[in-house]
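Dear colleague,

Please find below the structure for your own work, followed by an account of what was found in it.

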Amino acid sequence: MKYLYQTVRRYPLSSLLIGVIWYLSFFTPPKTGLDNVALIDKWVHVVMYGGTCTVIWAEYIRRHRVAAPRRLFLLAWLAPIVMSGVIELLQEYCTDGRRSGDWLDLAANATGVTLAAVAGSLFFRIYRGRSSR
């Protein structure tokens with residue numbers, strides 16, 4: 001429990017966005033005019049996970065001067081994809097038909113996370129280069 005508290009204190013925006021993803025994944029979304037836009041749901045997934053992982057990268061880089069590639073890989077790339085898979089399975093099997101799991105949602109989430117990881121690694125290289133001057 002202490003580790004969870006410390007993590008939330010170190011990464012407050014990331015923690016908040018992860019909580020928002022969990023909330024949005026299990027409430028029944030309202031009908032909107034955007035429902036008719038092709039693949040709008042997938043774009044929302046890409047942006048939601050990409051934005052969250054960008055914030056994870058930014059908070060990690062801000063807190064740590066030296067990168068720990070394995071830890072950052074687990075924290076900012078693999079963990080969100082695994083979380084996404086768990087959410088899709090829970091939607092499919094634990095929501096009594098209110099939500100359905102979709103493998104394309106998982107693919108969209110992984111795309112967003114991967115785009116954020118590429119952007120984050122480029123940003124870290126730039127940041128590290130500037131801070132070493």
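The largest pocket is lined by 24 residues, and nearest its centre lie Pro-29, Asp-41, Val-44, His-45 and Arg-99. A pocket here is an open set of points, on a 1 Å grid over the protein atoms alone, with protein on both sides within 12 Å along at least five of seven lines; lining residues have an atom within 4 Å of a point. Two or more lining residues come from each of H2, helix H3 (40–63), H4 and helix H5 (103–131). Helices are DSSP runs of H or I with at least four residues, strands are runs of E with at least two, and both are numbered from the N terminus.

This is a predicted model, in which local features need pLDDT of at least 70 and side-chain atom pairs count only at pLDDT 80 or more, while totals for chains, interfaces and linings use all residues. Residues are numbered from 1 along each chain as its sequence is written, and side-chain values use heavy atoms, with hydrogens and water left out.

The pockets

The volume of the largest pocket is about 690 Å³, a volume being the space filled by probe spheres set on grid points that are joined across faces, edges and corners. H3 gives the most to this lining, with seven residues. By class, the lining has 10 nonpolar, six polar and eight charged residues. In this scheme Ala, Val, Leu, Ile, Met, Phe, Trp, Tyr, Cys and Pro count as nonpolar, Asp, Glu, Lys and Arg as charged, and the others, Gly among them, as polar.

The second largest pocket holds about 410 Å³ of space. It is lined by 20 residues, and those closest to its centre are Thr-7, Ser-15, Ile-18, Ile-56 and Leu-75. The elements that supply two or more residues to this lining are helix H1 (2–10), H2, H3 and H4. H4 accounts for the largest share of the lining of the second largest pocket, six residues. That lining divides into 14 nonpolar, four polar and two charged residues.

The salt bridges

There are three salt bridges, each defined as a side-chain nitrogen of Lys or Arg within 4 Å of a carboxyl oxygen of Asp or Glu. They link Asp-41, Lys-42, Asp-102 and Asp-105 in a network.

Asp-41 and Lys-42 meet through their side chains at 3.0 Å, N to O. Asp-41 counts as partly exposed, at 36% relative accessibility, whereas Lys-42 counts as buried, at 17%. The terms are set as follows: buried is under 20% relative accessible area, exposed is over 50%, and partly exposed is in between, with a 1.4 Å probe and protein chains only.

A salt bridge also joins the side chains of Lys-42 and Asp-102, at 2.8 Å, N to O. This pair connects distant parts of the chain, with Lys-42 in helix H3 and Asp-102 in the loop between H4 and H5, 60 residues apart. Asp-102 is partly exposed because its relative accessibility is 25%.

In the salt bridge between Asp-105 and Lys-42, the closest N and O atoms are 2.6 Å apart. Here too distant parts of the chain are linked, Asp-105 being in helix H5 and Lys-42 in helix H3, 63 residues apart. Both Asp-105 and Lys-42 are buried.

The nonpolar patch

Trp-22, Phe-73, Leu-74, Leu-78, Val-82 and Val-86 make a nonpolar surface patch of about 480 Å². Patches are made of residues with over 30% relative accessible area and no salt bridge, like charges being joined within 9 Å and nonpolar side chains (Val, Leu, Ile, Met, Phe, Trp, Tyr) within 5 Å. Areas come from the Shrake-Rupley method with a 1.4 Å probe; for residues, only the protein chains shown count as cover. Helix H4 (residues 69–94) provides the largest share of the patch, five residues. Trp-22 lies in helix H2 (residues 12–26) and is partly exposed, with a relative accessible area of 30%.

Tyr-23 is also placed in helix H2, and it counts as exposed because its relative accessibility is 55%. Its C-alpha atom is separated by 22 Å from that of Gln-6, 17 residues apart along the chain.

The chain as a whole

The chain has five helices and zero strands. Its C-alpha trace spans about 55 × 35 × 25 Å along the principal axes. Of the 133 residues, 29% count as buried.

With kind regards

Conventions:
1 Å grid on protein atoms, 1.4 Å probe; cavity = no way out; pocket = protein on both sides within 12 Å on 5 of 7 lines; lining within 4 Å.
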